[in-house]
Amino acid sequence: MRAIATKPPRPLSFADLPTDYIGLCQVHLPRPIHDEETNEVATAILEVMAGHEDHMTPDQQDFFSVLCDMVEAYDNATHPVERQETDPAEMLKYLVQQNGM
């Protein structure tokens with residue numbers, strides 16, 4: 001059995017990716033992301049897969065979804081977006097001005 005790679009062994013294209021989940025896990029084992037290096041690897045794989053959703057096998061779709069969730073969780077934990085309360089009337093006024101209405 002092949003060792004599970006942390007980093008893809010070479011630059012990948014969508015055509016290079018396995019079509020089954022086990023094969024995809026041998027390219028990159030989906031695990032919770034705890035550091036930037038792992039996040040970069042997962043993001044690189046997502047970039048290869050993005051735009052091919054219509055051509056993905058069900059296993060590729062599941063793998064893509066799991067990686068998206070893990071990257072999103074890491075990004076939310078490490079780069080939280082500050083939410084500020086905005087008055088709905090002020091937001092509407094701003095949107096009307098921005099759209100030349």
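Read along the sequence, the chain follows an α-α-α-α pattern, and its secondary structure comes to four helices and zero strands, where helices (H or I, at least four residues) and strands (E, at least two) are DSSP runs numbered from the N terminus. This is a predicted model, in which local features need pLDDT of at least 70 and side-chain atom pairs count only at pLDDT 80 or more, while totals for chains, interfaces and linings use all residues. Residues are numbered from 1 along each chain as its sequence is written, and side-chain values use heavy atoms, with hydrogens and water left out.

**Confidence**

- The chain averages a pLDDT of 87, and 89% of the residues score at least 70; pLDDT is the predictor's confidence in each residue, from 0 to 100.
- Confidence in the chain is lowest in helix α4 (residues 88-98), with a mean of 87, and highest in α3, at 96.
- Over residues 1-5 pLDDT stays under 50, and the model has ten contacts beyond four places in sequence for this stretch, contact meaning heavy atoms within 4.5 Å. Where pLDDT is low, the predicted coordinates should not be read in detail.

**Burial and surface**

- Of the 101 residues of the chain, 25% count as buried; buried means under 20% relative accessible area, exposed over 50%, and partly exposed in between (1.4 Å probe, protein chains only).
- The chain exposes about 7,400 Å², of which carbon and sulfur atoms supply 54%, with accessible areas taken from the Shrake-Rupley method with a 1.4 Å probe.
- Among contacts in the chain with a separation of 6 or more, 61% are accounted for by residues 24 or more positions apart.

**Nonpolar core**

- The largest nonpolar core has 19 residues, of which L17, I33, I45, M49, F63 and L67 touch the most other members; such a core is a set of buried Ala, Val, Leu, Ile, Met, Phe, Trp, Tyr and Cys residues joined through side-chain atoms within 4.5 Å.
- Helices α1 (21-27), α2 (36-49) and α3 (58-78) each supply at least two residues of this core.
- Not counting residues up to four places away in sequence, F63 touches Y21, L24, C25, H28, P30, I45 and M49.
- Y21, which lies in helix α1, counts as partly exposed because its relative accessibility is 26%. The C-alpha atoms of Y21 and F63 are separated by 6.6 Å, although these residues are 42 apart along the chain.
- Beyond four places in sequence, Y21 touches P30, D59, D62, F63 and V66.

- The 14 residues of α2 should span 20 Å at 1.5 Å a residue, which agrees with its end C-alpha atoms being 20 Å apart; the expected span is 1.5 Å times one less than the number of residues.
- The buried residues of α2 are N39, V41, A42, I45, L46, V48 and M49, and what covers them includes α1 and α3.
- N39, placed in helix α2, is buried with a relative accessible area of 5%, and beyond its neighbours within four places in sequence N39 is in contact with I33, V71, Y74 and D75.
- Q60 lies in helix α3 and is buried, with a relative accessible area of 2%; not counting residues up to four places away in sequence, Q60 touches F14, L17, P18, T19, L24, M49 and H55.

**Cysteines**

- The structure holds zero disulfides, a disulfide being a pair of cysteine sulfur atoms within 2.5 Å.
- C25 counts as buried at 13% relative accessibility, whereas C68 counts as partly exposed at 28%.
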